Amino acid sequence: MTRDDIKDLILEIIKDIDEDADFDALQSDQPLRDQLDLDSMDFLDIVMELRKRHKLQIPEEDYPQLASLDSCVNYLEPLLKNA
Amino acid sequence: MPFSLDKAADSYDVIVIGSGLGGLTTAKRLSYCSHKVLLLEFHHQLGGLATWFKRKGHIFDISLHGFPYGMVKTCRKYWTKEITESIVQLKNIVFDNPQFSLKTTFDRVDFTTLLNKKFKIPQTIIDRFFVTVAGMNFYDDQTMTTRELFEEFFPGRTDVHRLLMEPITYANGSTLDDPAITYGIVFSNFMNKGVFTFEGGTDKLIQMMTEDLEKNGVMICTNAKVDRILVEKGKVRGVEVNGRAITAPAVVSNSGITNTIYNLAGRDVFSGDFLEKADAIRVNNSSCQVYIGLKKDAVIEDKGDLLFTSTAPVFDSSELLDMHTRSKTFSVYYPKTRPGHDRYAIVASMNSRYDDWNTLSPVAYETEKKALIERTLVDLNRYFPEINEKIDWLEAATPKTFNRYTLHTHGTSFGTKFEGLAVSRSIFKEVPGLFHVGSVGIIMSGWLGAINYGVIVSNDVDSYIRSI
């Protein structure tokens, strides 16, 4: 997966969590939590979706890596390079 | 329709023991993650404490008293659109006690007005209090108690303490001596937008959930009481149910945490360190309820949806737990609650201790139960005069009743105190493949807490199954 593919994947998962999520003003280096009003349950959903779709096991200590769109891409890029 | 156990296969990816809202949600999430799930329930009806019963044309809800708005998001994400669309607001929450009487929508805006105008608390203190409780989370300092929190913001104001605490005590059995963070998390959930209920009643909700599980391929068996969880070489191998072994690499117990450790798995599969923590778990209190059904053509005025009533001079956690407490809530179910079923029902709820009732002789037990009903009617007449002649069904439940139907240790209706959560969360690190979901730690209780905890535990289970 390219960096853009990973970005799309994350946004697609968030869209499933909240169909009203508005990405127009989203700043990729800022926390998703504040911009899209995500709570800790939503982040758990992202973790479960990534495991379901790509068999990715993300340990709990790595959850902070999913904070912003950029940090998601940086963290997932090596893990999804063959996906 | 759930099946009888003889229809179950011999092996599954995961077995869920118990069909409370936590168990049902775990079954749903794991089937969504493509696992083969077996759900076992000892009772003939699903739902655990999210239950109901029918008498003489009446339907009585046991635990449908009001949940936070967060339920909308949770049901939309983890259940169905239809379930989400049945969630409606209860707009009239009533307090009536010797210190104050008021009606509220039980949300931050209305509480801010009340605290400022009626209780004369300065706006800056109110705002600071709301910001403080809204900012509390699980990882924060746990040494501060709710009593200390209230004293910091509203010193000596027992009336304000009562307004803030009484509903939460009924919601999750917590007291002023429990960690302030448990209060802050639960109270903030309610203050978000107020109190909500499920239109159509508990029976409709559980029916919808059951259909959704079946659609997702979950095998559901009722009248199936698990005798024990099978552990072999330190790992879960399955369960023994009605004398039959069914295997699975993962078992999720939605039985109480103490029941799971001591009765289903057995002490011998755990380490000394773990047992020390488990032995320290304080089980929460139980409840008494009185179910009041009105005659077919009887009508009562709308006096509110949820009435927090007391004739005790001040709020006192131990007074609320006393067998002869003068404090109780009335949940009033108007015909709008169950469209199409045009009956009125009222459920009075009190917190109660198991031991107070369990130690009575059979004769004394019956006498106390009658007295409980009598006291309830006296209190109810203050709000609905001459209601006695409109009633055609009266029945009471005690902690012993709760114990009989849920098998919970001491009939607990709110799971455990705070320490139960850490034990529940770590049980699979102790015995691989063994998970627990259910009311624990005060914050993971109530309908919303139970469902969300089911999602959290499902993540652990899914991760485990995919790693073996």
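1. Conventions. Residues are numbered from 1 along each chain as its sequence is written, while chains are lettered from A and ligands numbered from 1 in the order in which they are written. Because this is a predicted model, local features need pLDDT of at least 70 and side-chain atom pairs count only at pLDDT 80 or more, whereas totals for chains, interfaces and linings use all residues.

2. Contact between the chains. On chain A, 10 residues are in contact with 10 residues of chain B, where contact means that the C-beta atoms of two residues, placed from the backbone, lie within 7 Å. Helix 3 of chain A (residues 40–54) contributes the most to the side of chain A that touches chain B, with 7 residues; helices (H or I, at least four residues) and strands (E, at least two) are DSSP runs, numbered from the N terminus. That side of chain A divides into 5 nonpolar, 1 polar and 4 charged residues, with Ala, Val, Leu, Ile, Met, Phe, Trp, Tyr, Cys and Pro counted as nonpolar, Asp, Glu, Lys and Arg as charged, and the others, Gly among them, as polar.

3. A sheet in chain B. Three strands of chain B form an open sheet in the order 5-9-6, with antiparallel pairing, two strands being paired if DSSP finds at least two bridges between them. Strand 5 (67–68) and strand 6 (87–90) are the edge strands, each pairing on one side only. Strand 6 and strand 9 (residues 195–198) of chain B are joined over 4 bridges in the antiparallel sense, and Gln89(B) stands opposite Phe196(B) of strand 9.

4. A helix pair in chain B. The axes of helix 7 (residues 158–172) and helix 8 (residues 180–193) of chain B come within 11 Å and cross at roughly 95°, the axes being lines fitted to C-alpha atoms over the stretch in contact, with angles running from 0 to 180 degrees between N-to-C directions. Helix 7 of chain B is therefore roughly perpendicular to helix 8 of chain B, a term for angles of 65 to 115 degrees. Helix 7 brings Leu164(B), Ile168(B), Ala171(B) and Asn172(B) to the contact, and helix 8 brings Tyr183(B), Val186(B) and Phe187(B); these residues divide into 6 nonpolar, 1 polar and no charged.

5. Positive phi. Although not a glycine, Asn223(B) has a positive phi of about 55°, and Asn223(B) is found in the loop between strand 10 (219–221) and strand 11 (226–232) of chain B. Leu407(B), also not a glycine, has a positive phi of about 65°.

Definitions and conventions. Angles under 35 degrees count as roughly parallel, over 145 as roughly antiparallel, 65 to 115 as roughly perpendicular and the rest as oblique.
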